[in-house]
Amino acid sequence: MNLKEKILADPEGKSLVNCFSCGMCTGGCPVARISDYNPRRIIHKVMLNMEPEDIWLCANCYTCEERCPTKTNVADLINLIRRITIKKDGMPEFIKPLVENLKTTGYTVQIGELENKRRERMNLPAVETTDEIKKIIQKTTLK
Amino acid sequence: MKKYAYYLGCTIPFRESNYDLSTRKVMDNLDVELVDLEGAGCCGLYYEQINELTHLAMSARVISMAESLGLDLMVLCNGCNGSLVKARNKLVENSELRDKVNEILADIDREFRGTSEIKHVIRILYEDIGIDEIKKTVKNPLNVKVAAHYGCHLLKPSEQIKFDDPREPKSLDELIEVTGAKSVDYFDKNLCCGGFVLGADKDIAYNMTGQKLQNVKDVGADLMITACPFCHVMYDANQRAIENELQKKFGIPVLHYPQLLGLAMGFNARDLALEQNRVRVNPGIFDS
């Protein structure tokens, strides 16, 4: 299956067919106004069976979905494109440390002694690490 | 007495504990009881882009902790709010998906049932407690001009979150004005802080944050108020770096909303850990 077929086969991807490329998403996009990033072009390229670019520049702010006159879930589609891309090509470098931290602490960051000492001085309860997230990640990524 | 399961997420205990402290102070003053969740971990937000099932299971795990206490879940972070609400909606609507997730949670002796609601602290203050009740606790009305920053996942996607109006929100403005402060309009008030693109492209993220700081400065606001720890990291902790990067000077103090409310309730700067805000806040500006 190509990218478009994979999107349409996913329950999250159904709204792709709503898009008529009007560009309302891009007109309101805070990233598009300061860079070459263009969500309209991402969706349009997928429909034309072309490889979309800049898929990691979406700020996930959902302004596009609020503006879209055809109820195309642009931001959710871009998340789906990211998931499909990761499955094929692996994770981009900047996400890897977050996942490593999740496995070792249960948080996206290395919460440890330093933070808990500060919290103790503030009379706040210590933050405990958990191995449950690691178990969830292992179980859900084996499939 | 109102009571909530209290969820911090990742950013708050790691670098924004002043948000945690000030929230506990104001909730105590409003007779709201908070129950800490031990080893609560991450809501799964980043897994929305990696693996849907992992995201749903991580969110369901956090929600199940509140469910086992029979309480609704109070969240302080917009990112957690969006991630948890979206996951909860999906799992409530789709029993097949719910069974799949519960099969994963069974391994860690947890179960998602869909009995607890997810509520952002701003929503709890605005809807569950209400402006009138909050007004009764204001002992020290503040005389400052404030720029409200709602952030994204407090309001959007609105079809999922169902709170306030994402185009013309008023909840945070009203919560600011009840403290005596003036909530000022500014250009692009509803724009995103850019925090989510920080990892992928620092220049874009810094430009987005810097643009808003400039807009806030242009209307002469004394300070900015956030409702999300990561927006706060962008505007406050990263403000100096953004000034250097963009060769501009902003000098805008940025407070978590409960810090502002706490000052109006009569707590002092130390009670609210204002000294931990990176851009120096001169407590004198709040005197009327």
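**Strands of chain B**

I began with β1(B) and β3 (residues 73–75) of chain B, and found that they run parallel and are joined by 3 bridges. (Strands are DSSP E runs of at least two residues and helices are H or I runs of at least four, numbered from the N terminus; two strands pair if DSSP finds at least two bridges between them.) B:Y7 has B:V75 in β3(B) as its bridge partner. This is a predicted model, in which local features need pLDDT of at least 70 and side-chain atom pairs count only at pLDDT 80 or more, while totals for chains, interfaces and linings use all residues. Residues are numbered from 1 along each chain as its sequence is written, and chains are lettered from A and ligands numbered from 1 in the order in which they are written.

Next I looked at strand β2 (residues 32–36) of chain B, which runs parallel to β1 (residues 2–7) of chain B and is joined to it by 5 bridges. Here B:Y6 is partnered by B:D36.

**The four-strand sheet**

I then turned to an open sheet of 4 strands in chain B, with parallel pairing and the order β6-β5-β7-β8. Because β6 (182–183) and β8 (254–256) of chain B are at the edges with a single partner strand each, one side of each has no neighbour in the sheet. Strand β5 (residues 145–149) of chain B pairs with β6(B) over 2 bridges, in the parallel sense, and B:K145 stands opposite B:K182 in β6(B). Helix α13 (residues 257–265) of chain B packs on the sheet and touches β7 (223–226) and β8 of chain B. The direction of α13(B) makes about 80° with that of β8(B). (Contact means C-beta atoms, placed from the backbone, within 7 Å; axes are lines fitted to C-alpha atoms, for helices over the stretch in contact, and angles between N-to-C directions run from 0 to 180 degrees.)

**A covered helix**

How many residues of α3(B) are buried? I found 15 of its 18. (The expected span is 1.5 Å times one less than the number of residues.) B:G70 follows α3(B), with a positive phi near 70°.

I counted 13 helices and 8 strands in chain B, against 8 helices and 0 strands in chain A. Chain A has a radius of gyration of 19 Å, well over the 15 Å from the globule rule for 143 residues, so it is more spread out than a compact globule. Chain B, with 288 residues, has 19 Å, which agrees with a compact globule. (The radius is taken over C-alpha atoms; the rule is 2.2 Å times the number of residues to the power 0.38.) Buried residues make up 59% of chain B and 38% of chain A.

**Where the chains meet**

Last, I looked up the interface: 44 residues of chain A are in contact with 42 residues of chain B. On the chain A side, α8(A) gives the most, with 8 residues. That side divides into 24 nonpolar, 9 polar and 11 charged residues. (Ala, Val, Leu, Ile, Met, Phe, Trp, Tyr, Cys and Pro count as nonpolar, Asp, Glu, Lys and Arg as charged, and the others, Gly among them, as polar.)

Conventions
Contact = placed C-beta atoms within 7 Å. Buried ≥ 20, exposed ≤ 12 C-beta atoms within 10 Å, placed from the backbone.
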